[in-house]
Amino acid sequence: MKILMYNVRPDEQKPLNEWVKQNGIQVDTNSVPLSTETVDLAKGYDGIVIQQHGPISDPSIYEKLHSFGIKQITLRITGFEIIDLDQAKKNDLVVTNVPAYSPRSVSELVLADVMGLLRHIGEVQEREKHGDFSWKGIEAREIHTLTVGIIGAGKIGSAVARIFRALGATVIAADPVHRPELNDTLTYVDHDTVFKTADIVTMHTPLTDETNQMITADVFKKMKPTAIFINASRGQVVDTGALVSALENKEISAAAIDTFEGENTIVGQDLTGKQIDNDNLKKLLAMPNVNVTPHIGFYTEVAVQNMIEISLNDVVTILNGQKSPHEVGE
């Protein structure tokens, strides 16, 4: 059995080497995403593992993988919207993802963002650069006095709920699936109730036709002017221009985004000294009441190890003729 892993980062090499040592299976790597230019690298392999932000839309990629005898495309990330599921099915390619590499990794970033924004850390640091150490306008609210509203209380949203409930916050959530195990943690409500009543609105939805551009200018107008908005899900669930306007017009008080529209050519890159071709992002980066992080919610030692192990185990499962519990698009 030979597996090719696309687009491997240096930090993934250690857990990858450990998996190879434990399983005795050949895994080769490269540093490029899967595309029409790189698909031929998969020839001669039994399975492939990928992680990337850019879409895999050209039908010829799926056709070539099928012609090479490959039976799956395994993502070592959660988001599978980059895959053309119809083309995958047409070419007998099973698609899997890693739906729960470490829910705590994202939830802890959300907590860090909320803590920083509540205490006005960005604004304080901006003032201090100019010698202003005054207290004007930076009185903070304490988490236990607030309502945290979660859009999407799946594995990650549930972890977020438990963290804030442990800190004494009231937690509400909008999700079509009501999980009994969360009855002592949160109260299920509708979307409008979250938007209108939450002091902190945090997004944890997958990107689907229903969630694409879910957060619009009208939604921001429903929120409290003191609300903090967090997006640690997918960039496209939020109209970024509407977010910028909501902040500029003081319709909400602060925001943190770990993912944003147009991030594909930005996150994970060193663009020092280069122009960023994303006007909305540049406006957000200039705001002291906004935290922008480059899609690092997942990026912890535990999560990286789990992403490697779960994805490679899925390849082996499928190549052995068994069904992975992480198949998508069925």
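Q: What do the buried residues of H1 pack against?
A: They pack against strand S1 (2-5), strand S2 (26-29) and H11, with contact meaning heavy atoms within 4.5 Å. Helices (H or I, at least four residues) and strands (E, at least two) are DSSP runs, numbered from the N terminus. Keep in mind that this is a predicted model: local features need pLDDT of at least 70, side-chain atom pairs count only at pLDDT 80 or more, and totals for chains, interfaces and linings use all residues. Residues are numbered from 1 along each chain as its sequence is written, and side-chain values use heavy atoms, leaving out hydrogens and water.

Q: Which residues of H1 are buried?
A: In helix H1 (residues 13-23), Pro15, Leu16 and Trp19 are buried. Buried is under 20% relative accessible area, exposed is over 50%, and partly exposed is in between (1.4 Å probe, protein chains only).

Q: Where do they sit around the axis?
A: Their arc is only 105 degrees, which puts them on the same side of H1; that arc is taken from the directions from the helix axis to the C-beta atoms. Lys14 and Lys21 are exposed on the other side of H1.

Q: And what follows H1?
A: Gly24, with a positive phi near 65 degrees.

Q: Switching to rings: how many aromatic pairs are there?
A: There are 3. Rings of Phe, Tyr and Trp (its six-membered ring) pair if their centres lie within 6.5 Å; planes under 30 degrees apart are stacked, over 60 edge-to-face, and the rest tilted. Tyr101 and Phe298 make an edge-to-face one, at 6.4 Å centre to centre and 80 degrees between the planes.

Q: What does that pair tie together?
A: Tyr101 is in the loop between strand S5 (94-96) and helix H4 (103-118), and Phe298 is in the loop between strand S12 (290-292) and helix H11 (301-319), so the pair ties together parts 197 residues apart in sequence. Tyr101 counts as buried at 10% relative accessibility, and Phe298 is buried at 16%. Ring pairs also link Tyr101, Phe298 and Tyr299 into a cluster.

Q: What about Phe220 and Phe229?
A: They form an edge-to-face pair too, 5.2 Å centre to centre with 80 degrees between the planes. Phe220 is buried at 0% relative accessibility, and Phe229 is buried with a relative accessible area of 0%.

Q: OK, the whole protein now: how many helices and strands?
A: 11 helices and 12 strands. Of its 330 residues, 48% count as buried.
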